[in-house]
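Hi everyone, thanks for coming. I'd like to walk you through a structure today, so please have a look at it with me.

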Amino acid sequence: MYDYVHGKADWLAAGLPTDGTNAQRPNARDVARTDVPTCRLDEQLGAVRARVREAGWDACVVVNEERVVFGLLRERELNASHDDDEPIEHVMRPGPSTFRPNVAIEEMAAFMTEHDLVSSPITSSDGRLIGLLRRDDAVRVALEAHGHGHHEDEER
Amino acid sequence: MPRELLDRTEVQDLIERGVQLVEVLGPEEYEEDHLPGAINIPLRRIETQAKERLDPTRPVLVYCWDSA
């Protein structure tokens, strides 16, 4: 006999698969973009900026070698008038709010709208990056899910 | 006494090896989310249902919400 001490909360926060009714509803992990560019604290802004733009992005997540999130470069930080050789550590937004992958997308959309968050890192409970959730994506999927629910109700 | 598992990779290994997973929370919480393949035996029914529903020849892993 074994006892999984940290239980279901730990499993959900790690973004691991589950069964049940919530598994059918979109959550932060489903919508977060996993192809978001990442960079390290000691990289230089100029090189990172070029890489991010080349990838067609306007954001970059600052992580360590274990993909633990340290900061975020949003459009504002990327476009700031710093020298190209400025280390990322000096220009990033440190310690951004991160969210667990199992949070319902409707909840994420409402929170990001209310707090004016353009994008939010989605991390496991130990802080490792899963992806970047963009508010536009969260709102779109939340509205689609809501619209779909109404449609089903009308059909009943 | 059950052996305590703190590391979820150990839990994943046991699941791959066919452990019987038992969620001991109530049925509503179980319906919303449970680990893949888990069955639900609420804690207050464990005495009566464990013998009926579990294979005594295979290991069992129980879990609730968290460590609190």
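Before we start, one cut-off: I call a residue buried if 20 or more other C-beta atoms lie within 10 Å of its own. Please also keep in mind that this is a predicted model.

Let's begin with helix 6 of chain A, residues 105–114. Its buried residues include A:Ile105, A:Met108, A:Ala109 and A:Met112. Why do these four sit on the same side of helix 6 of chain A? Because they cover an arc of only 100 degrees around the axis.

A:Asp116 is not a glycine, and yet its phi is positive, about 55 degrees. Most residues other than glycine have a negative phi. Is A:Asp116 buried or exposed? Exposed, with 7 other C-beta atoms within 10 Å.

A:Arg67 is another residue to look at: its phi is positive too, near 65 degrees. You'll find A:Arg67 in the loop between strand 3 (60–63) and strand 4 (69–73) of chain A. A:Arg67 is partly exposed, with 15 other C-beta atoms within 10 Å.

Now, over to the contact between the chains. Chain A brings 20 residues to it and chain B brings 24. On the chain A side, helix 1 gives the most, with 6 residues. By class, that side has 10 nonpolar, 6 polar and 4 charged residues.

Thanks, everyone!

How values were computed. Residues are numbered from 1 along each chain as its sequence is written. Chains are lettered from A and ligands numbered from 1 in the order in which they are written. This is a predicted model: local features need pLDDT of at least 70, side-chain atom pairs count only at pLDDT 80 or more; totals for chains, interfaces and linings use all residues. A residue is buried if 20 or more other C-beta atoms lie within 10 Å of its own, exposed if 12 or fewer, and partly exposed in between; C-beta atoms are placed from the backbone. Helices (H or I, at least four residues) and strands (E, at least two) are DSSP runs, numbered from the N terminus. The arc is that of the directions from the helix axis to the C-beta atoms. Two residues are in contact if their C-beta atoms, placed from the backbone, lie within 7 Å. Ala, Val, Leu, Ile, Met, Phe, Trp, Tyr, Cys and Pro count as nonpolar, Asp, Glu, Lys and Arg as charged, and the others, Gly among them, as polar.
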